[in-house]
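Hi there,

Here is the structure I promised to pass on.

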Amino acid sequence: MGSAALDITQLEVSYGATPVLHQVSLSVAAGEFVALLGPSGCGKTTLLRAVSGFVPVNAGKISVAGRDITHAPPDKRGMAMVFQSYALWPHMTTAQNLGYGLKLRRVARPDIARRVAEILTMLKLEGFGERNVTQLSGGQRQRVALGRALAISPEILLLDEPLSNLDARIREEVRHEIKALQAKLGITTIHVTHDREEAMVMADRIAILDAGRIAQLGTPEEVYNRPNSPFVAAFMGAGNVLELEARPAPEGVEIQAGAHNDAVRVPGFRSAGPLIAHFRSEAARLGPPQEGAPDRLLLRGRIVQASYPGGFYRYAVAVGQNHFMVDDTRRLTVGELVGIGLPVSSLHFFPRRNT
């Protein structure tokens, strides 16, 4: 990756009187794949559409390779977008759809034919050039939409949830194809998705948005293993939440014993007082309610629900008034008393704020 291909500085966008983006700043390196991840309504699609020129900005600046494009029309930004709906021309063949952007740019017919042939080969669509796009499968249509965007050789590729209409098996296959193609071409890519796994698999870095702001920006490993807030922790899969009390201890803190847990030392963590701890269902281990360990927080509870998602069992365990989701490979009985063993290293701690 080289210098910044895209710079977004203090961007503000409103829909009427309603602010949607609040001073968003993001720098994307040349050849980098960045995912904009977040729940519905967080502003990720608005940010992508502001970058593409389809949504006007109230304040801030957007630059491509040092060129200010904040108020440039979409066709003057050096970008191409793949939409969620694919937006293909239904009356055209695959080849005509692929060459449409080149035709608008008045590229010579022989050059269009040569470029379309390259794209068909690149996307493994040889033999489909003369087929109407309405006769293609969902995965093939998605490839055509991607190929149409790549045909014009854009500086930046924008992906607006292009995989959301595909079934699970095809979606997993195509996401790897897109990432491999992006890496091969070295094209700077911004990808909007609400799918955590999709962002983790495809992106070099992930920008997690919350209420029109970037809550955290980092590599997949950073945002997954070191979330910087309860929101990011929960969104990245650590949806179980404990309320705890901690007091200072040598080289860390000690989680105080409660009605359903023993005390345990947490080295390297300095924030004493009321805490919340987030953890993932797969990080916990079920065992006897008395089976504690020095580096493990043990919660005592009872299994109240069991399901089998495939490959493991998922249990809802009641601990006092709270329910926690825990995964285990063993088949256990609803009503069984258990201990939830939580390695201290698997807990994401944050100060507990009174609401």
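Below are my notes on one helix and on the aromatic side chains.

Please keep in mind that this is a predicted model.

Let me begin with helix α1, which spans residues 44-52 and is mostly covered. Of its 9 residues, 7 are buried, namely K44, T46, L47, L48, A50, V51 and S52.

Now to the rings. How many aromatic pairs does the structure hold? There are 6 aromatic pairs. One of them joins F279 and F324: the ring centres are 5.7 Å apart and the planes meet at 45°, so this pair counts as tilted. Because F279 belongs to strand β14 (residues 273-279) and F324 to strand β18 (residues 322-328), the pair ties together parts that are 45 residues apart in sequence. Both F279 and F324 are buried.

Another pair, Y313 with Y315, is stacked, with 6.2 Å from centre to centre and 25° between the planes. Are these two tyrosines buried or exposed? Buried means under 20% relative accessible area, so Y313 counts as buried at 19%, and Y315 counts as buried at 0%. Y313 and Y315 also form one aromatic cluster together with Y308.

There is a charge over a ring to look at as well: R280 lies over the face of Y224, at 3.5 Å from the ring centre.

Happy browsing, and do write back with any questions!

Best wishes

How values were computed:
Residues numbered from 1 in each chain as written. Predicted model: local features only at pLDDT ≥ 70, side-chain atom pairs only at ≥ 80, totals over all residues. Heavy atoms only, no water. Buried < 20%, exposed > 50% of the residue type's maximum accessible area, 1.4 Å probe, protein only. Helix = DSSP H or I, 4+ residues; strand = E, 2+ residues; numbered from the N terminus. Phe/Tyr/Trp six-rings, centres within 6.5 Å; stacked < 30°, edge-to-face > 60°. Lys NZ or Arg CZ within 6 Å of the ring centre and 35° of its normal.
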